[in-house]
Amino acid sequence: MLGKFFRDKELILRQMLLMVLDAAGIFFAAMLALLLRFNLSFKEIHSPYLENVWKVLPLCIIVTIVVFWLFKLYHSVWRYAGFYEVQQIVLAVVLATVLKILGMWIVGLRMPRSYWFLYAGVLAFITILTRFSYRFARNIQKKIIDKKRGIE
């Protein structure tokens, strides 16, 4: 019973860490998409677009994390991640982006059309990067341990 509690506690901590990383990734994707759209210059970003991003960011983070949860992006064992997980990430990012577009459209907030493609691409890249960095780090750790043991 106690062992299960600690395993569940570890899983919950890992899920919470991924949610925090995803929240940061959503923020970063929104800002980088605007920067890319406006030639990597903050000065060129039209202020209404920047204001719109800030207005919807908290709700966007919550909705995206819920979508990621529904696509089981917090349930996978990422040390075995592969094509299926990438597919789930891409589908989740597309759905979350569509929901963001609809939500902003309903409340009358507009963004450049290219922003949405840039946002989805950056968010998918960041999400894939965070998930596979765990697998990458585990592989490096295993190689270091194997090398110390004399296993090649």
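Modeller: Start at the end of helix α4. Gly-150 follows α4 and has a positive phi, near 85°. Keep in mind that this is a predicted model.

Biologist: Which residue just after α3 takes a positive phi?

Modeller: Gly-108, at about 85°.

Biologist: What makes the phi of Asn-39 worth a remark?

Modeller: Most residues other than glycine have a negative phi. Asn-39 is not glycine, and its phi is positive, near 60°. Leu-40 is another such residue, with phi near 60°.

Biologist: Where is Asn-39?

Modeller: Asn-39 sits in the loop between α1 and α2. Leu-40 is found in that loop too.

Biologist: Why is Asn-39 called exposed?

Modeller: Exposed means over 50% relative accessible area. Asn-39 has 57%, so the label is exposed. Leu-40 has 59%, so Leu-40 is exposed as well.

Biologist: Why is Gln-15 called buried?

Modeller: Buried means under 20%. Gln-15 has a relative accessible area of 10%, so Gln-15 counts as buried. Its place is in helix α1, residues 2–37.

Biologist: What does Gln-15 touch, leaving out residues up to four places away in sequence?

Modeller: Trp-69, Tyr-74 and His-75.

Biologist: Why does Leu-91 count as partly exposed?

Modeller: Leu-91 has 40% relative accessibility, so that is its class. Leu-91 belongs to helix α3. Its C-alpha atom is separated by 27 Å from that of Asp-8, 83 residues apart along the chain.

Biologist: Which residues of α3 are buried?

Modeller: Among them are Glu-85, Gln-88, Ile-89, Ala-92 and Val-93. In α4, the buried residues include Tyr-115, Trp-116, Tyr-119 and Asp-146. Across the 152 residues of the protein, 34% count as buried.

Biologist: How do you know that the span of α3 agrees with its number of residues?

Modeller: The expected span is 1.5 Å times one less than the number of residues. For the 24 residues of α3 that should be 34 Å. The end C-alpha atoms are 35 Å apart, so the span agrees.

Biologist: How does α4 do on that test?

Modeller: Its 37 residues should span 54 Å. The end C-alpha atoms are 55 Å apart, so that agrees too.

Biologist: Where does α4 bend?

Modeller: At Phe-132, by about 30°.

Biologist: How do you describe the way α3 and α4 cross?

Modeller: Two packed helices are described by the angle between their axes and the distance between the axes. The axes of α3 (residues 83–106) and α4 (residues 113–149) come within 9 Å and cross at roughly 145°. The crossing is right-handed. The contact includes Val-86, Ile-89 and Val-93 of α3, and Tyr-115, Trp-116 and Tyr-119 of α4. By class, the contact has 13 nonpolar, two polar and two charged residues.

Biologist: How many helices and strands are there in the protein?

Modeller: Four helices and zero strands. From the N terminus on, the elements run α-α-α-α.

Biologist: What does the C-alpha trace span along its principal axes?

Modeller: About 60 × 35 × 25 Å. Residues 24 or more positions apart account for 73% of them.

Note on methods. Residues numbered from 1 in each chain as written. Predicted model: local features only at pLDDT ≥ 70, side-chain atom pairs only at ≥ 80, totals over all residues. Heavy atoms only, no water. Axes fitted to C-alpha atoms, helices over the stretch in contact; angles between N-to-C directions. Helix = DSSP H or I, 4+ residues; strand = E, 2+ residues; numbered from the N terminus. Left-handed = near helix turned anticlockwise from the far one by under 90°. Contact = heavy atoms within 4.5 Å. Nonpolar A, V, L, I, M, F, W, Y, C, P; charged D, E, K, R; others polar. Bend = angle between axes of the 7 residues up to and from the residue. Buried < 20%, exposed > 50% of the residue type's maximum accessible area, 1.4 Å probe, protein only.
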